[in-house]
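Please keep the structure open beside the text and look up each place as it is named.

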Amino acid sequence: MKNSFDEKILEEANDWLNANQKIVLATVIQTWGSSPRQVGSRMIVNEKGDFSGSVSGGCVESAVVRECIDLIKDNKLCKKIEFKVSNESAWEVGLACGGEIEVYLEQIN
Amino acid sequence: MKHSQLKEIIKKKASKIEFAIVTNLENGLSEIYEPGKSLSKEFEIHKEQIDNFFKLKKNGVIESTEIFVETYIRPIKVIIVGAVHIAQYLVDFAKSLNFEISIIDPRGYFASEQRFPDMKIINKWPDEAFKEIETNENSALIALTHDPKIDDPALQHALNKKFYYIGALGSKKTHENRCQRLKEAGFDNEQINSIHGPIGIKLGGRSAPEIALSIIAQLVSETYKK
């Protein structure tokens with residue numbers, strides 16, 4: 001039961017855009033099992049990789065930042081990415097909590 | 001999303017209008033929806049499901065579609081009667097939840113701005129104070145004075161307006177006496193039993209912040225049962 005009205009991430013995105021930065025908005029759209037942030041959680045990323053907000057408890061943010069930079073580079077409008085349970089023997093990004101999340105990336109232009 | 005749409009969303013947020021952002025995840029098209037208003041053809045066919053997300057106070061993808069709905073739902077009005085110590089902690093807890101608090105206390109020395117900065121405080125008796133607050137079955141009441149002169153009129157108002165949550169502080173004995181008074185005032189058993197008294201879930205703690213926590217926990221739980 002978050003108070004969406006009081007969250008300021010979209011206002012921050014607007015400030016970044018007004019400062020002529022390219023912005024990708026990342027939103028958690030689906031979760032399965034236990035996941036640290038609920039559906040609707042957001043982060044914003046600019047072309048340099050600066051970010052604000054969160055879509056997990058720090059587990060996948062770095063991968064989301066990379067994907068967002070690529071989206072800007074490829075000049076694509078939107079993309080969906082899924083993150084699953086991490087395999088501890090591999091150096092891959094995943095959710096240590098055992099959940100799965102799907103994140104939607106969209107450029108604001 | 002277009003920058004112009006983002007600005008529109010920010011404007012809606014600032015004026016606290018309930019709305020949803022509806023997004024087609026395949027082609028990136030999105031639209032702002034206000035309950036009761038119409039949508040473009042592409043999204044109109046999903047109107048019923050979108051309204052359902054409002055009802056469930058949820059965000060999510062509509063089943064077997066690629067349509068994502070993010071709802072902006074106005075905070076629930078919570079009226080606290082009694083600007084007492086526990087209320088100070090309740091205000092703190094409520095800040096991070098979707099509750100909008102108003103405090104009623106006719107005793108000016110309790111309901112001071114210094115004790116409750118940035119808070120809507122009404123220094124009036126409940127009957128007068130409720131004329132200034134619009135309430136309905138989506139409102140909640142937390143009565144904390146355990147003084148019948150102040151609590152009872154507020155409880156009666158909440159029962160008449162069918163608040164979804166009514167809680168009253170006080171021991172079992174205090175609550176029994178309160179129930180008796182409400183009965184004499186003409187309220188039936190079902191109405192009286194809907195009052196959570198003694199207020200709060202059982203945590204075991206007795207300090208003011210612990211009591212506030214037990215109250216807010218009960219309020220959150222009842223909000224999801226709504």
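1. The centres of domain 1 and domain 2 of chain B, taken over C-alpha atoms, are separated by 34 Å. Domain 1 of chain B covers residues 3–72 and domain 2 covers residues 76–225, where the bounds come from an automatic or database domain assignment. Along its principal axes, the C-alpha trace of chain B spans about 60 × 40 × 35 Å.

2. A word on the source is needed before going further. This is a predicted model, in which local features need pLDDT of at least 70 and side-chain atom pairs count only at pLDDT 80 or more, while totals for chains, interfaces and linings use all residues. Residues are numbered from 1 along each chain as its sequence is written, and chains are lettered from A and ligands numbered from 1 in the order in which they are written.

3. The secondary structure of chain B comes to 9 helices and 10 strands; helices (H or I, at least four residues) and strands (E, at least two) are DSSP runs, numbered from the N terminus. Of the 226 residues in chain B, 35% are buried, a residue being buried if 20 or more other C-beta atoms lie within 10 Å of its own, exposed if 12 or fewer, and partly exposed in between, with C-beta atoms placed from the backbone. Among contacts in chain B between residues at least 6 apart in sequence, 53% join residues at least 24 apart; two residues are in contact if their C-beta atoms, placed from the backbone, lie within 7 Å.

4. In chain A, 5 strands form an open sheet in the order 3-2-1-5-4, with antiparallel pairing; two strands pair if DSSP finds at least two bridges between them. Strand 3 (51–53) and strand 4 (78–83) of chain A stand at the edges with a single partner strand each, so one side of each has no neighbour in the sheet. Neighbouring strands of this sheet are turned by 20 degrees against each other on average, direction ignored; axes are lines fitted to C-alpha atoms, for helices over the stretch in contact, and angles run from 0 to 180 degrees between N-to-C directions.

5. Strand 1 of chain A is mostly covered, since 8 of its 10 residues are buried. It is joined to strand 5 of chain A by 9 bridges, the two running antiparallel, and A:Val24 has A:Gln107 as its bridge partner in strand 5. Strand 1 of chain A also pairs with strand 2 of chain A in the antiparallel sense over 5 bridges, with A:Thr27 standing opposite A:Arg42 in strand 2. Strand 2 (residues 42–46) of chain A in turn pairs with strand 3 of chain A over 3 bridges in the antiparallel sense, and there A:Ile44 has A:Ser52 as its bridge partner.

6. Two helices of chain A lie across this sheet. Helix 1 (residues 9–18) lies across strand 1, strand 2, strand 3 and strand 5 of chain A, running at about 10 degrees to strand 2. Helix 2 (residues 61–73) of chain A lies across strand 1, strand 2, strand 3, strand 4 and strand 5, running at about 30 degrees to strand 5.

7. The contact between the chains takes 23 residues from chain B and 22 residues from chain A. On the side of chain B that touches chain A, helix 1 (3–14), strand 3 (60–61), strand 4 (67–72) and helix 9 (208–225) of chain B are the elements that give two or more residues, and helix 1 of chain B gives the most, with 6 residues.

8. Some backbone details deserve a check. Most residues other than glycine have a negative phi, and most peptide bonds are trans. A:Asn75, in the loop between helix 2 and strand 4 of chain A, has a positive phi near 55 degrees, and it counts as exposed because it has 9 C-beta neighbours inside 10 Å. Phi of B:Lys16 is also positive, near 55 degrees. The peptide bond from B:Gly197 to B:Pro198 is cis, with omega near -10 degrees, and B:Pro198 is found in the loop between strand 10 (195–196) and helix 9 of chain B.
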